[in-house]
Amino acid sequence: MKRKTINILTTIIMAAALLAGCGTDGAKGSKGPGKGEASYTYTIGISQFAEHGSLDNCREGFLKGLAEEGLVEGENLKVIYDNAQTDTGTASTIAEGFVSQKVDLVCAIATPCAMSAYNACMETDIPVVYTAVSDPAQAGLADNEGNSVGNITGSSDVLPVEAQLGMIRKLMLEAKKIGIIYTTSEANSISTIATYKELAGEYGFEIVDSGITAPSEVEMAAADLVGKVDCITNLTDNTVVDALQTVLAIANEKKIPVFGSEIEQVKSGCVASMGIEYVELGRQTGAMAAKILKGEATASKMPFISATKAELYVNTAAAGQIGMELDKGYIKDAAETFREVSAE
């Protein structure tokens, strides 16, 4: 009787353990990323390199893209956001923090954040989706064919350099020299400078570039350039864009036009731009991230995408400030025309 009692008790314990084990496995399966359970709340970390319009628009579009795919912040999506304030060391710290918090995905906005996130997540199963990276291959985030080099993918804001040069030639028939300020540590800027120099001769221009290593050097670089060039054109260089008002103030005083690389720079005082729309780029990137989170795709097998459409944006007030007359026949087809300079 005693042996039977022990056997029955053992059977009950084993059965209970088995049921408990099944319950635990089921919970993990229903809450794991990509399982498609409506009750699961995904946690993503967004790392942004600087606070300025184009990168803010990327973030806005990214969240829109996720929402359109059913992942809505405050409902089934938790967003941890941090800004590196143009410091690469801070970008690395942010990425490492996301890893320690075991987020389901990292969204990295701009090249330095993308490189930091890739390095931090390399030994984990956390996918990285980047946006506003001009040259993913140059940054080591993709191979030359556009394929992922790891658990990472995203979108490129490669500048339409040829279209920009064509626009400047249309608006400045006699111009010969274009100045560009860039950060020597930004891979995307180095790559774009090379493209400008390669194509400039076809439009009768010479590129005069000035490299900086810190935000404090922007003012000196701008002051030096305005004495050497007919105009300045901006890249999507985060350090320089963050100090755009400094560049504009110096250039305006010397009546030197400054051309932007996207809509927010034109809104803030650049004369014109053949640029891309960053909200839309972010939205497409958010849709990519949603597919990864829901298990419909993997970052390692998803090639990065590039912005393909360049639009003309014009600021007539900015031109007026320096006494520049714009070709009305050319600018009449602008996607958007601003008649005042934003204070932002």
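Begin by selecting Glu-280 and Arg-283, which stand three residues apart in helix α11 and are therefore separated by about one helical turn. Helices here are DSSP runs of H or I with at least four residues, strands being runs of E with at least two, and both are numbered from the N terminus. The model is a predicted one, in which local features need pLDDT of at least 70 and side-chain atom pairs count only at pLDDT 80 or more, while totals for chains, interfaces and linings use all residues. Residues are numbered from 1 along each chain as its sequence is written, and side-chain values use heavy atoms, with hydrogens and water left out.

Display the side chains of Glu-280 and Arg-283: they meet in a salt bridge at 2.8 Å, N to O. The term denotes a side-chain nitrogen of Lys or Arg within 4 Å of a carboxyl oxygen of Asp or Glu. Glu-280 is partly exposed, at 30% relative accessible area, and Arg-283 is also partly exposed, at 26% (buried is under 20%, exposed over 50%, partly exposed in between; 1.4 Å probe, protein chains only).

Glu-68 counts as exposed, at 51% relative accessibility. With the three residues shown, a network of salt bridges links Glu-68, Glu-280 and Arg-283.

Finally, select Lys-309 and Glu-311, a salt bridge with 3.1 Å between the closest N and O atoms. Lys-309 is exposed at 58%, whereas Glu-311 is partly exposed at 23%. The count of salt bridges comes to 11.
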